[in-house]
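Student: Hello! I would like to learn how to read the features of a structure, one at a time. Could you show me the one we will work on?

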Amino acid sequence: MNPIYRSVLNRDVKFAEPGEFAPVKIGRMSIWPPVVLAPMAGVTNYPFRSICKEFGAGLYVSEMINARPLVDGRDKTLKLADFGPGELPRSLQLYGTDPYYVAEAVKRLINEGRIDHLDMNFGCPVPKVTRRGGGAAIPLKPNLLRNIVRAAVRNAQTVPVTIKFRMGINLEFLTFITAGRVAEEEGCAAVGLHARTAAQLYHGHASWDAIAELKQAVKIPVLGNGDIWEAEDALRMMRQTRCDGVIVGRGCLGRPWLFRDLADVFNGSEPSDPPHFGEVLEIMFRHAQRLADWFGERLAMHSFRRHSSWYTKGFRMSAEIRAALMRVETVSQLLNLFCDVDRSQPFPLSAMRVVRGKATGTQKVSLPAGYLDNLDDDTPLPGSGEDAGDGG
Ligand SMILES: Cc1cc2nc3c(=O)[nH]c(=O)nc-3n(C[C@H](O)[C@H](O)[C@H](O)COP(=O)(O)O)c2cc1C
């Protein structure tokens with residue numbers, strides 16, 4: 001690797017020694033390297049998963065699917081819940097707040113033979129969700145959490161179920177240890193912890209110490225999540241926390257080759273240099289074309305605009321091209337914009353550890369009135385299952 005990249009990348013980290021790490025076992029699945037693509041609403045659809053998968057092995061989770069519209073058989077939800085030809089394992093993240101709808105949704109997924117792994121989301125910090133007692137508010141009520149998880153595990157038959165959550169609502173209401181124990185007692189195959197509270201959103205640094213604490217508290221595999229920007233970070237997280245695997249979110253936005261680097265470091269070798277601009281553009285065009293084939297060009301190219309800004313971050317390009325990227329309607333318009341750019345540009349150092357995907361800032365978490373008065377309550381709140389479109 002070019003020393004100039006090594007200088008920014010913590011490359012003093014030792015790559016894995018033979019036998020130092022093992023595949024992470026999730027039910028019958030054995031995942032090597034122990035790396036999971038984080039579910040990301042609006043991002044981790046089949047086209048993006050297929051691009052990531054070309055770079056390395058691991059587990060690639062779908063974007064979040066709402067239980068209620070899945071049960072109702074809404075076309076848009078069923079399309080989002082679809083997997084590509086030959087995609088294996090088929091890993092789907094489900095969001096639900098009512099054990100009844102979760103049970104019905106899981107029955108449908110299982111009866112139709114749609115999935116090989118089910119993940120459940122209990123970490124969504126979005127105000128419109130927590131305000132109704134959904135998302136990250138659920139683990140505050142362990143009995144409700146238990147009933148939802150039980151509904152999923154019982155109906156999933158032999159398909160392994162994992163749950164993903166945050167540390168808690170805020171530093172005063174930390175729920176991750178209880179959530180881990182509920183998962184273990186209800187027969188989950190693993191748990192994933194995004195080591196921030198809902199109040200922290202994506203701000204500051206993830207508290208990897210919480211991952212270590214959870215690992216001590218449960219016997220099922222723990223997947224650590226938060227702030228893996230480069231492959232070396234995954235090794236550091238695993239060594240520091242003893243977690244069994246890592247979940248990678250924003251670090252791969254516009255940089256799907258991160259999965260190649262992860263495979264390299266876990267297999268004991270140094271990752272290659274990041275691609276130059278010409279290679280990045282080829283990956284970006286491939287991604288855009290697959291999205292257009294999957295969702296139809298218009299819808300795809302609208303949703304692709306933010307991917308374009310992630311792929312091109314830090315590269316030299318005129319302000320006109322950057323502005324035009326935000327207006328692109330077709331794949332050929334996208335291709336034409338890059339006719340005259342300098343494709344030989346090396347990957348910019350300035351783009352290497354840059355936060356993508358979510359802005360900084362914290363929040364005071366909104367909860368329904370009186371929500372904290374009876375934390376033993378297990379009644380699902382009406383309307384809490386809707387509108388969780390923004391994920392994690
Ligand atoms: C655009 C975006 C969408 C997300 N959607 C979901 C989601 O649907 N379900 C979920 O559990 N987490 C979701 N998350 C959270 C990620 O899965 C992950 O927990 C978080 O980004 C922290 O990991 P990172 O530091 O590697 O990015 C989302 C994050 C982003 C940036």
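This is a predicted model: local features need pLDDT of at least 70, side-chain atom pairs count only at pLDDT 80 or more; totals for chains, interfaces and linings use all residues.

Student: Which residue does Arg-353 form a salt bridge with?

Tutor: The general idea comes first. Side chains of opposite charge can pair when their charged atoms come close. Here, the partner of Arg-353 is Asp-233, and their closest N and O atoms are 3.0 Å apart. Asp-233 belongs to helix H10 (residues 231-241), while Arg-353 sits in the segment after helix H15 (331-337), so this contact ties together parts that are 120 residues apart in sequence.

Student: How many salt bridges are found in the whole structure?

Tutor: The search gives 26. One of them joins Arg-286 and Glu-54, with 2.9 Å between the closest N and O atoms. That pair links distant parts of the chain, since Arg-286 is in helix H12 (residues 277-295) and Glu-54 is in helix H2 (residues 46-55), 232 residues apart. Arg-286 is partly exposed at 31%, and Glu-54 is partly exposed at 43%.

Student: Where do Asp-116 and Arg-90 lie?

Tutor: These two form a salt bridge as well, and their closest N and O atoms are 2.9 Å apart. Asp-116 is in the loop between helix H5 (99-111) and strand E6 (117-122), and Arg-90 is in the loop between helix H4 (75-80) and strand E5 (91-95), so the pair ties together parts 26 residues apart in sequence. Arg-90 is partly exposed, with 21% relative accessibility. Salt bridges can also join up: Asp-82, Arg-108, Glu-112 and Arg-114 are linked in a network.

Student: Now the aromatic rings, please. How many aromatic pairs are there?

Tutor: A pair of aromatic rings is described by the distance of the centres and the angle of the planes. In this model the count is 11 aromatic pairs. Take Phe-21 and Phe-266: their ring centres are 5.3 Å apart and the planes meet at 75°, so the pair is edge-to-face. Phe-21 lies in the loop between helix H1 (3-8) and strand E1 (24-26), and Phe-266 lies in helix H11 (residues 258-266), so parts 245 residues apart in sequence are tied together. Both Phe-21 and Phe-266 are buried.

Student: Which residues form one aromatic cluster?

Tutor: The cluster consists of Trp-257, Phe-277, Phe-285, Phe-315, Phe-338 and Phe-347. Phe-277 and Phe-338 are both buried.

Student: What sits over the ring of Trp-294?

Tutor: The charged end of Lys-79 does, 3.9 Å from the ring's centre. In another case, the charged end of Arg-166 sits over the ring of Tyr-202, 5.1 Å from its centre.

Student: Last topic: how many cavities of 30 Å³ or more are found?

Tutor: The search of the whole structure finds five. The largest cavity holds about 80 Å³ of space. Its lining has 13 residues, and Val-36, Asp-119, Thr-162, Leu-223 and Ile-247 lie nearest the centre. The lining residues divide into eight nonpolar, three polar and two charged.

Student: Which strand gives the largest share of that lining?

Tutor: E7 does, with three residues. Strand E4 (59-66), E6 and strand E7 (161-166) each supply at least two residues of the lining.

Notes:
Residues are numbered from 1 along each chain as its sequence is written. Side-chain values use heavy atoms; hydrogens and water are left out. A salt bridge is a side-chain nitrogen of Lys or Arg within 4 Å of a carboxyl oxygen of Asp or Glu. Helices (H or I, at least four residues) and strands (E, at least two) are DSSP runs, numbered from the N terminus. Buried means under 20% relative accessible area, exposed over 50%, partly exposed in between (1.4 Å probe, protein chains only). Rings of Phe, Tyr and Trp (its six-membered ring) pair if their centres lie within 6.5 Å; planes under 30 degrees apart count as stacked, over 60 as edge-to-face and the rest as tilted. A charge sits over a ring if NZ of Lys or CZ of Arg is within 6 Å of the ring centre and within 35 degrees of the ring normal. On a 1 Å grid over the protein atoms alone, a cavity is a set of points where a 1.4 Å probe fits but cannot get out, and a pocket is an open set with protein on both sides within 12 Å along at least five of seven lines; lining residues have an atom within 4 Å of a point. Grid points are joined across faces, edges and corners, and a volume is the space filled by probe spheres set on the points. Ala, Val, Leu, Ile, Met, Phe, Trp, Tyr, Cys and Pro count as nonpolar, Asp, Glu, Lys and Arg as charged, and the others, Gly among them, as polar.
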